[in-house]
Amino acid sequence: MNLAEAYLLLFVLLVVVAAASVFFKSRMSMVTPIIFAACAVVTLVAQMGVRVREIVEGPFAYLDNAMWILCGAMFSCLLYENGTFQYIFQKLAARKRNPVLQLFLLVLFIAIPGMLTGIAAVSVLTTGLIAGKYLLSKGVEKAKAVEVVAVGAVLGVILPPLCMPGMITVIAHGPAGYPGSYEGYFLPCLVAALPALVVYCAISGSRVLGEVEASAGGEEAGSPVCLVPLIVVALLLIGHNFLYFVMPFLGYPIIYTIGFVLAVFLKAKSANPLEAAAGGARAAAVEVALMFAFGAATETLTLVGTMGTVSAHMAILNVSGILQAMVLLALVLAVGTLLGPGVAFVLGAFADYIVVEAMYGNTEMALFAMGLVLTVTMFTSLRGSIVEQAGQALEVAGVDGKDVLKNTWLPVALVVLVAVVYAAARVACKGLMI
C-alpha cells in the first residue's frame, strides 16, 4: 500500500462517520452503529469486501472492561434507587458552607458513579439528576445547573479508579505489543482530575452557588447504615489499587457485586434490585458500545494497512515521537470539539497506534494521555456532548454548550495540560503508576 492510499482510507472512515454524525445530530445512541457501518465501507473501498470478522474482533479486547463498567453501573443505580445517594445529598445540602467548598462537595457527589464506572452517563442519570433538580428548585439558572452536572460527570470519568477512554487507549496497544490490563492508573487519574476540580470550584463557587440557601428539601429517609455498601466498596477499591500485595485479587466485578448484595439489604428505602440492575445496564450501554466501536476502528485501520503504512512513513522521515504525539493530541481535541465524539474516537484509534510506534517502549502514560484528551472531547464537543446529555436528563432546553465552555475553559485546559505532560514526559510520569 502506498501512503496516498493509507491516508485515503483514513479520510473515508472519518468522512463517513462525520457525515453520518451530522445527519443524526450526533446522538450518542447512533455513534456506535455509525462507526461499525463506516468500518464496513472502508473495507469495501480497500477491495476486501465486508470483513465482519475483523470488524467485530477488535471489540473483544474490551469484554472484561465492559463487565467492570456494567457491574459498577448496576451498583450505582441500586444506590440511586435504594435512597443512598439521596441520603448523602440531604446531608450535603442541609448545611450552609462556603460556596467554594459546597460546590467542591457537590461536584464530587455527582462524580461518584462516574468514578465507579469510568463513564459519564451513569453520573448524569443518578447523582446528576438529584443535584441538578435541586439546583433548579433553588432558582439556579438552567445553564448553571446543567454546567455543574456536566462538570461533575466528566470529572467523575477522569477521577480514579476507572476512566473508560483511558482504558480503551491503554488496552488497545498495551506494553510489549499485547493488550494490557487497565491497572495502576489510580494516581495518574487523580493528578489529572484534582487540579481541574479545585480550580473549577474556586472560580465558580460564588458564581453558581452564591445565592443558594442551605436546605435539603423533603423528609429525610434512611439511616447511616445505607452508607455501608459504598464504604465497603471504597475500601476494597483502595485495597485493590494499593494493597494488592497483602489482599486477595478480587477484581472490579466481584467488588461491585459485594457492594450490590450489601445494598440490597442495607438501604434507605425499598428498591427492586433487578430493576436497578437493568437500569444500570441501560444507562451504561451507549458508552460501553462506544468502547467497542473504538476497537472496531482500531482493527479495521490495522487490517487495511493504514496504521502500518503511516507509522512506517513517519519512521522513515525520522519525525520525533513527541512531536507526533503533540500533533495528534491537538488534532483529536480539535476534531472532537468540532465534529463530535464519534469522529474523535475514530481518529483517537488511529492516533493511539501511531503514538505507540513513534514512542517505542514505556508508552503507558502517552496512551493514557490520549484517553484523557478523548474524555475532554466528550465535554467540549459542539455536538452530542455531555452537556447536551445533562440538559436532556434535566429536561432543560436552550442551554448552549458553547456558553458552558466559556465558564469552564480553564479546568478543561488543565486536564489537557496534564495530558501533554504525560505524553511528553512519559518515562518520568510512569513513576505515578502503582
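Start at glutamate 54, which sits in helix α3 (residues 52-57); helices here are DSSP runs of H or I with at least four residues, numbered from the N terminus. Before going on, note that this is a predicted model, in which local features need pLDDT of at least 70, side-chain atom pairs count only at pLDDT 80 or more, and totals for chains, interfaces and linings use all residues. Residues are numbered from 1 along each chain as its sequence is written, and side-chain values use heavy atoms, leaving out hydrogens and water.

Is glutamate 54 buried or exposed? Glutamate 54 is buried, because its relative accessible area is 9% (buried means under 20%, exposed over 50%, and partly exposed in between, with a 1.4 Å probe and protein chains only). Leaving aside neighbours within four places in sequence, glutamate 54 is in contact with Glu299 and Leu303, where contact means heavy atoms within 4.5 Å.

Glutamate 54 also has a charged partner: its side chain meets that of arginine 51 in a salt bridge (3.0 Å, N to O). A salt bridge is a side-chain nitrogen of Lys or Arg within 4 Å of a carboxyl oxygen of Asp or Glu. Arginine 51 is partly exposed, at 30% relative accessibility.

The structure holds 5 salt bridges. In one of them, glutamate 364 pairs with lysine 430, with the closest N and O atoms 3.3 Å apart. Glutamate 364 lies in helix α18 and lysine 430 in the segment after α21 (426-429), so this pair ties together parts that are 66 residues apart in sequence. Glutamate 364 is buried at 11%, while lysine 430 is partly exposed at 29%.

Now for the empty space. Rolling a probe the size of a water molecule over the atoms shows where empty space is left. On a 1 Å grid over the protein atoms alone, a cavity is a set of points where a 1.4 Å probe fits but cannot get out, and lining residues have an atom within 4 Å of a point. Grid points are joined across faces, edges and corners, and a volume is the space filled by probe spheres set on the points.

How many cavities of 30 Å³ or more does a search of the whole structure find? There are 2. The largest holds about 150 Å³ and is lined by 15 residues, with Gln102, Tyr134, Leu209, Val212 and Glu213 nearest its centre. The second largest cavity holds about 130 Å³, and its lining includes Val151, Tyr200 and Phe379.

Conventions. On a 1 Å grid over the protein atoms alone, a cavity is a set of points where a 1.4 Å probe fits but cannot get out, and a pocket is an open set with protein on both sides within 12 Å along at least five of seven lines; lining residues have an atom within 4 Å of a point. Helices (H or I, at least four residues) and strands (E, at least two) are DSSP runs, numbered from the N terminus.
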